[in-house]
Structure formats: C-alpha cells, structure tokens
Amino acid sequence: MEKKVIVYSTKTCPYCKLAKEFLKNNNIEFIDYDVGEDREKLEEMIKKSGQMGVPTIDIDGEIIVGFDKERLKQVLGI
Amino acid sequence: MKLYELIIIGAGPAGLTAGIYAARKKMDFIIITEDIGGMTKYSWDIENYLGYQFITGPELVEKFREHINEFNVEIREGQKVIEVLKDEENFKISTKTDTYFTKTIIIATGRRPKELNVKGEKEFRNKGITYCATCDAPLFRDKIVGVIGGGNSGLDAVLQLSRIAKKIYLIEIKDHLTGDFFVINKIKKIDKVEIFTNTKVVEIYGDKFVQGIKIIKNNEIIELKVDGLFVEIGSIPNSEIIDFVEKNQYNEIIVDCKNRTSHKGVFAAGDVTNVFAKQIIVACGEGAKAAISSFEYLKYL
C-alpha cells in the first residue's frame, strides 16, 4: 500500500524545494503544507517533530527533519 | 597503498571547479567531501554568478553536480577529513574510516557559520534558534524575534523578518551596525525594529522552545522575550584539519597568486583562504587556479 507522505515546508526554504522535487521525480504523491502561512499546520509539525526546522516530512508517522535523501529512500523503499 | 597525484578536500564552488580542471588534465585524483555544494546551498538569491541572471543556491549546486558528473570524477561524499599529515615528500589524509596518500592537495573546505557560544545555544538549535533566515523566517509570523549580528547578513534577516514578525530586536556587539549604509537606513525606518548596539547576548533560555534571551548593555542585564533567534554573526574558515601551513590572524590559510600555501605541494582555494572577496564566482576562479597550479607543480617534480 502507498504510504501517506506529508511535507511541511516554507516557500523560501531551498531544501524544501529540493525535497519536493525529489518526491515528484520519484512519483511519490504528497500533501504539502506551507507552514509559513498555515499556523495550525505549523503547530501540528512542531507537535509531531518537537522542533521547528523545515522541511519536516511525515511518512506514515515516521518523521524526517531536513532533506535527507538516503533516509527518504530508505523509508519510502525506493 | 595507492598514491594519488592530487586529492581535493571539499566540494563547494572551489573544490568542484578544481575537480573539473583536474579531470580535463587527466590527473589521477579524487575529491573527499562531506557534501556537495558547501555553503552555496544555503544561498537564496544569487544574482551575480555569470551566465545566470537569477538562480537559487540549491539550483546552482545541482548545475555544479551535473557538470562534474560529465567527467568521471571519483567523489568520496559523506566523508569528513579529520587531519592532513606530512608523509615524507607526500601527504597522508585521514577520514574517520579511511586513509589516503597523495603527492599534492587542494584544500577547499570553505567556511561555516559562527556560533554564539552561549548557554542554551546547543539545546535550542532548531527549537527557536536558526542560522538560516532564508529557510526559517516564515515560521515566525506575528512572533517576536531576535536577530544577532548587525552585518549584512543580519540586516538581510531583519528585512526578511520585517514582513513577517511582530517585533524584531536587532542586537550588535559593536557600537554601530556594520552592514551597508543603505540597508541600515532602511532598517532604522521600520517601527517594529528595535536596535541594541554595544550589546552582548549571554544566555538563551526556554522550555521546549526558546522563550527569551538575556543580554548585557552598559553592564546591565536585560531580559527580552523572544520566540525565535536568528544568529547571523559571520563565518569562520574550516582550516583546522591542517597545522603545517601558515594562516593569518583569522585562521585563513595564506595563499599566493598561484594558490600555493607555505608548504610545497599543498594548495588551497576559496573561502578557507585569505583570498579577497568571499564570493561564489571568486571561489570558482580560485579552484581553477589551484588545479592548474598543482598540475604545473607535478610536471616539474
């Protein structure tokens, strides 16, 4: 079954852009929340990850902070 | 044990350009680096790199990566060099897991953001403290924030935050802001910016996240409540890995116009050196020079 992927990002963060491109290039569907605009989602991100760095990526409950290509590959199984 | 002609340490603009030149000269070499791109990755708007009217740091790094991949360059990514030692006429380079031997070296290890070294800094990293205003400024909408450092990067952070945050404290240790005059004037006109000069940060405190800072001005401790803290106090060279070349008072490796250091066979390029102007395009040029210089040196060895 496909994993549910959520990306918490800001418009200006270079790594958010790279992370999203990486997911797109690998045909991974994801929901993208702009936590610079969406306060509720920012709170959600902080609650889940205990920190404020972006991008924060939630893959079926597994939290990855930053654009960590190797971990993404591992968790996504690609 | 294999003896390389050249080992390049670092893969920012300087190291990668050196790699391209060395590859075209068919030198027997590798690049050892922690990551590709170095500090360039953290730049947002780049408008002064020839050939691109506008490009972001990560995009430029991807271009660099594509370019170096055109040549079959062996890049040992994810390896941090711990030390460089002399080995008779040659050099020995150690990482955590491996040892390499080489006839020449190009040190292109760049710089890293300076830390404040105050209580609470490590604890609250990414929990209110950030070193990348471009990345994290939007998270502080309607919040109270502090920006440490009144140089150009600090002022840039204040400008970005002025459209987002509710209140901004700009804190500078010197008696005046040191950035460009034009930007300082702009910032002084923004109501929600409060400027503290002659002021030192002594502690960052909080619970799970940053809640405030303690600063000293005129021998008086003041507490400021902040939700976020942007540290923009400059950078330091990553020059600790080598101790047998001359460095200046800022710990930058001293190079001549051919990128030679004080020790034969050791070259250095880019922001880790005393080169004038720490710029991406300058670092590229320096990397090119260092590779050519190493090639010339080997020819007459």
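Domain bounds in this tour come from an automatic or database domain assignment. On that basis, chain B is divided into domain 1 (3-113 + 235-299) and domain 2 (129-231), and the C-alpha centres of these two domains of chain B lie 34 Å apart.

This is a predicted model, in which local features need pLDDT of at least 70 and side-chain atom pairs count only at pLDDT 80 or more, whereas totals for chains, interfaces and linings use all residues. Residues are numbered from 1 along each chain as its sequence is written, chains are lettered from A and ligands numbered from 1 in the order in which they are written, and side-chain values use heavy atoms, with hydrogens and water left out.

Select residues 13-24 and 57-69 of chain B to see helices H1 and H2, which pack at an angle of about 20° with their axes 10 Å apart. Helices (H or I, at least four residues) and strands (E, at least two) are DSSP runs, numbered from the N terminus; axes are lines fitted to C-alpha atoms, for helices over the stretch in contact, with angles running from 0 to 180 degrees between N-to-C directions. That angle makes H1(B) roughly parallel to H2(B), a term for angles under 35 degrees. Contact (heavy atoms within 4.5 Å) is made by B:Pro13, B:Leu16, B:Gly19 and B:Ile20 of H1(B) with B:Phe64, B:His67 and B:Ile68 of H2(B).

Next, show the open sheet of five strands in chain B, whose order is S10-S17-S11-S12-S13 and whose pairing is parallel; two strands pair if DSSP finds at least two bridges between them. Strand S10 (129-130) and strand S13 (193-196) of chain B stand at the edges, each with a single partner strand, so one side of each is left without a neighbour in the sheet. Within the sheet, four bridges join strand S11 (residues 144-148) of chain B to strand S17 (residues 228-231) of chain B, and B:Ile148 stands opposite B:Val231 in S17(B).

Then move to the open sheet S14-S15-S16 of chain B, three strands with antiparallel pairing, where neighbouring strands are turned by 25° against each other on average, direction ignored. Six bridges join strand S15 (residues 210-217) of chain B to S16(B), and B:Lys217 stands opposite B:Glu220 in S16(B).

Two backbone details remain. B:Asn117, in the loop between strand S9 (111-113) and S10 of chain B, has a positive phi of about 60° although it is not a glycine. In chain A, a cis peptide bond with omega of about -5° joins A:Val54 and A:Pro55, and A:Pro55 is found in the loop between helix H2 (39-49) and strand S3 (56-59) of chain A.

Conventions. Angles under 35 degrees count as roughly parallel, over 145 as roughly antiparallel, 65 to 115 as roughly perpendicular and the rest as oblique.
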